[in-house]
Amino acid sequence: MENEKLSLPNYTIPEDLQNVVAITTLDRLYNWGRRSSVWPLMFGLACCAIEMIAAQTARYDMARFGMEVMRPTPRQADMMLVSGTVTKKMLPSIIRLYNQMPEPKYVVAMGACASSGGPFKEGYNVVAGIDKFLPVDVYIPGCPPTPQALIAGMIKLQEKIDKQSIKHVTWYNKEKKDGNYVPMPILGPDLIDVRRNAEIRDVAAAKESA
Amino acid sequence: MYGKGILKGLSVTWKRFWDTYTDDISWMLRGKKRYNSDEGIRHRSSKDTKGIFTVQYPEEQLIVPEEFRYVPFLVYDEGADGKKEVRCTSCGICAKVCPPQCIWIVRTNDPSTGRPVPVPTDFFVDMDICMNCGFCAEYCPFDAIKMDHDFDIASYQRNVYNLEKLMKPASYYAGIRPENYTREEEARKAKEAAKAAKAEANAAAA
Amino acid sequence: MATPVLTQTVDLAARFPGKVSADARPGYAGIIVNKENLVEVATAVRDEFGFDLLTAVTGVDYIAENKMEVVYHAYKTTGGAGLVFRVQVERVDPIEVPSLINIWPGVDFQEREAWDLYGIKFTGHPDLRRILMWEGFEGHPLRKDWKEPFFEEEVKPFKSRWPDGQHTFAENKNPFRDNLNFPKDFDPEKYVVDKEEDLYMSLERDTTKDVEGNMKTDHIVVNMGPHHPSTHGVLRVAVQLDGETIIGLKPVMGYLHRNHDKIGERNTYLQNIPYTDRLDYFNSMSNNFGYVTTVEKLMKIPVAERAEYIRVIMAELSRIQNHLIFIGMLMNDLGTMYTPSLYAFEERELVLDIFEAVSGARMMCNYFRFGGVVRDIPDFAMQKIKDLVFERLPAKTDEMERFLNENEILVARLKGIHVLNAEDAIKYSVTGPVLRATGVPYDLRRADPYSIYDRFDFDVAVRQNGDMMDNYLIRFDEIRQSLRILEQAIKQIPQGPINSQKAAYQVRVPAGEAYGRIESPKGELAFYIVSNGKPNAYRYHVRPASFVNLTAVESMCKGSKIADFVALLAMLDIVMGELDR
């Protein structure tokens, strides 16, 4: 693994100190701590939420990964597991929750619906993928992903965390600190993404009269 | 007595707690592996399971039944000189029956005649729309599209699979669904034999 | 299959000469009532003819005839066939139909839904707001001339998929490059957002009287959800509180409205089966059951004998695991954090193993087909079913009872809380275990038998008090009865083909309408399908049990504490996929 090498210190331990001293980089220690306690935000949207609960129960036991502590408040959560269909009506609440989560935060799109709208993509009340609004870290296909597939996705997320370096992460960077703030969409005649106001106005004006 | 019901309930949790040890110990005494072995996993998924119920994915995996379905893949036969002969004839039944319409097929046209050739130029499945219903595999008349057992396909971007990514060898299919494979192969052989017999009969008649 | 005769036209036509007429369209049943006489006829239907349970109200848009229709399905709680009556109005806005809320208060949400999705104004309805979409949404989506942003073609399969199906994202075809559609010259910056005043005003009318003997305090409105750990999914409830006492409450839903009906009208009949899996996602087998029975009714085809038994086995297994989860989740909401649900989920996993073995998927089984099921039960799965039914599940149900039933805290939290009496329950069209816990022995498996339920010997589980405790205990009774049915079914199951039809990806469904209902674990799950002979349903409507059962929630929880309300939601056993569709 290339990335593992990157975070290894370029230093060999003298023979007499081997098994006594262990050397790591700050990155590895930091990431080890973070990867082993990814606390998900406790909320489920649809069918996938049931498989998420199943993954927390005895047979699959996500606690083995330090992910069993479902936090009902976003302030204490590290990861948002978007488990199910995101509807337009629900979206503002999800964005608000996301904005309330402290950095570092991760978004996992569980299942087809969260990734792209899934089988309900054509529906008028369905957001075609949470990635239109939030930066998604891992996409887990499946409808719904089985608990084992969900855990496989979580391992992918841990791998991603492993690759991050304390030097480059945005949450210590003063300039980029608010980079992850997503303005709240508005429920109008349809879902209004306020970042796209000008574009919506232009396209609506160019529209042939209905 | 107040509290009797609570104590009664606690006896159940206590028994459950105790069971986590009794089962492990009895397996150990019999010299069998309860963890990381097929037998152990099978036992933990049976009616007799008690005690620890966890199957520690990824170290050990649940034994999925043959019919388990996750996402579709295309079967190809390995022809001479290792050529991948995809079974799909681009008839389009899977694309028509697909409930969320997540299958796109580009049919090949013979450049000289303009007639369609029974091989797809490209084949797309949008894995982020697919609802894993298995209709494509169920209604495919050529046993060309099948449902996969592999669920470890999470990734860092959207998943639109093309022909290249969808293809898996027939041997893989035989591995995950041995019974189905044997049944289909037999049916195919019977069909071919019938065809040959008919052709022979026709030749004899002529 | 015993198909009960659905109507009693003779009586009504004689009783109301000139005010009603028989529906003459081929494949249709029931009577057409004049709009002006609707309330009068409906009152007679309830009081004189004894149809006390109005299960479904829905609209149909007959755009070719320029008619908008409202269809009512009424039944007797003593069992037997139902009565269909309908009103037809000109399809010109404003479309107005008198509301029946004073006769059957259970129509409340269903009329609001018809207003939301069809724009049918129910005059006399006190709180006619949008229910699944939000106030301010443009248009009424289920009308046939309303097109969604990602509209591609009228019906599936889409031509762009084959033979020249270059992959494109649906976004690229929409001018807004997303699932959006705005009216011409819309300016988002000038848009005034709806502040949901209507919702809060609708609460206001309940604040007139004070709870006696209490200190006078200000009332506060609390919004629970849509993200709330104790709402079952993304439900929101606006609660008006006097201290901790609930004095007014309005559920707000639609946070999981996935446009099931609209998509269902575009799908072919077969394509709808996997979509029904996602209605009540705990019980995909039951949903399949309801849907295929309805379509089979329309198609008038028999079901293979062995398949009938397989269906019953699957549906009853599904009921057992649903009730186990119900118990676990109820305990969760009462604060018994997790242990009972862990125990319940263990049994559920074993049941799901069977589903996985027969159908290929744990939750979204997609197992039923018109005329039968998709594949036979493999031998090892049959053995597993026997193991569970004869050995494990009875023992584990007993264990669960031993574990919880006498627990003093549990009894204190459940006994005498949220009492629903039989009269109210029927009035609010409540069905399923919640209705039976009030003392009404109304179980569709007995009252209006479908499939082969008339062959089995079982009792309808009934409890008398209608409080939380009875609602909790009746689930155990039902598990036991399901086990009884399963035992008989396993013993009687014959060998033979598992489908009466040839496997085909397109089925012919003659024109007409059908209303098929089954006893799902949550209550009456019904499908209303109108076919015009094409490969796609003209009207596809789901009558979900959770949605209608929720109508009673407001009257049930008034005067109780907010902490108990959380348990009430668990008790109604709502599931959002079915509630919002």
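This is a predicted model: local features need pLDDT of at least 70, side-chain atom pairs count only at pLDDT 80 or more; totals for chains, interfaces and linings use all residues.
Domain bounds here come from an automatic or database domain assignment, and on that basis chain B is divided into domain 1 (1-61) and domain 2 (72-180), with 42 Å separating the centres of the two, taken over C-alpha atoms. The area buried between chain C and chain A is about 5,700 Å², while chain B and chain A bury about 2,600 Å².

**Chain B on its own**

- Domain 1 of chain B covers residues 1-61, and domain 2 of chain B covers residues 72-180.
- Helix α1 of chain B spans residues 4-29 and contains W18(B), a residue that also belongs to a nonpolar surface patch of about 730 Å².

**Domains 2 and 3 of chain C**

- Chain C is divided into domain 1 (9-123), domain 2, which is made of the two segments 199-208 and 216-252, and domain 3 (264-580).
- The C-alpha centres of domain 2 of chain C and domain 3 of chain C lie 30 Å apart, and 19 residues of domain 2 of chain C are in contact with 17 residues of domain 3 of chain C.
- Between them these two domains of chain C bury about 1,700 Å², with carbon and sulfur atoms accounting for 69% of that area; on the side of domain 2 of chain C, the residues losing the most area to domain 3 of chain C are H232(C), I246(C) and L249(C), which together give 38% of what that side buries.
- The interface of domain 2 of chain C and domain 3 of chain C holds 1 salt bridge and 4 residue pairs in polar contact, counted where both residues are at pLDDT 80 or more.
- Strands β9 (236-242) and β10 (245-252) of chain C each supply at least two residues of the side of domain 2 of chain C that touches domain 3 of chain C, and β10(C) gives the most to that side, with 7 residues.
- The side chains of K250(C) and E554(C) meet in a salt bridge, at 3.4 Å from N to O.

**Chain C against chain A**

- In this interface 66 residues of chain C are in contact with 56 residues of chain A, and carbon and sulfur atoms give 62% of the buried area of about 5,700 Å².
- Within chain C, W134(C), H227(C) and R258(C) lose the most area to chain A, although together they make up 13% of what that side buries.
- There are 12 salt bridges between chain C and chain A, and among the salt bridges of the model is one from D178(C) to K132(A), whose closest N and O atoms are 3.9 Å apart.
- The interface also has 31 residue pairs in polar contact, both residues being at pLDDT 80 or more.
- Helices α5 (260-266) and α9 (339-359) of chain C each supply at least two residues of the side that touches chain A, and the largest share of that side, 6 residues, comes from α9(C).

**Chain B against chain A**

- Here 28 residues of chain B are in contact with 33 residues of chain A, and 57% of the buried area of about 2,600 Å² comes from carbon and sulfur atoms.
- In chain B, the residues that lose the most area to chain A are Y57(B), A154(B) and Y156(B), together 26% of what that side buries.
- Chain B and chain A are joined across their interface by 2 salt bridges and 10 residue pairs in polar contact, both at pLDDT 80 or more.
- E59(B) forms a salt bridge with R64(A), the closest N and O atoms lying 4.0 Å apart.

Note on methods. Residues are numbered from 1 along each chain as its sequence is written. Chains are lettered from A and ligands numbered from 1 in the order in which they are written. Side-chain values use heavy atoms; hydrogens and water are left out. Patches are made of residues with over 30% relative accessible area and no salt bridge: like charges are joined within 9 Å, nonpolar side chains (Val, Leu, Ile, Met, Phe, Trp, Tyr) within 5 Å. Accessible areas come from the Shrake-Rupley method with a 1.4 Å probe; for residues, only the protein chains shown count as cover. Helices (H or I, at least four residues) and strands (E, at least two) are DSSP runs, numbered from the N terminus. Contact means heavy atoms within 4.5 Å. Buried area is the accessible area (1.4 Å probe) that two parts lose on being put together, summed over both. A polar contact is a pair of N or O atoms within 3.5 Å; within protein, one must be able to donate a hydrogen and the other to accept it, and residues adjacent in sequence count only if both atoms are side-chain atoms.
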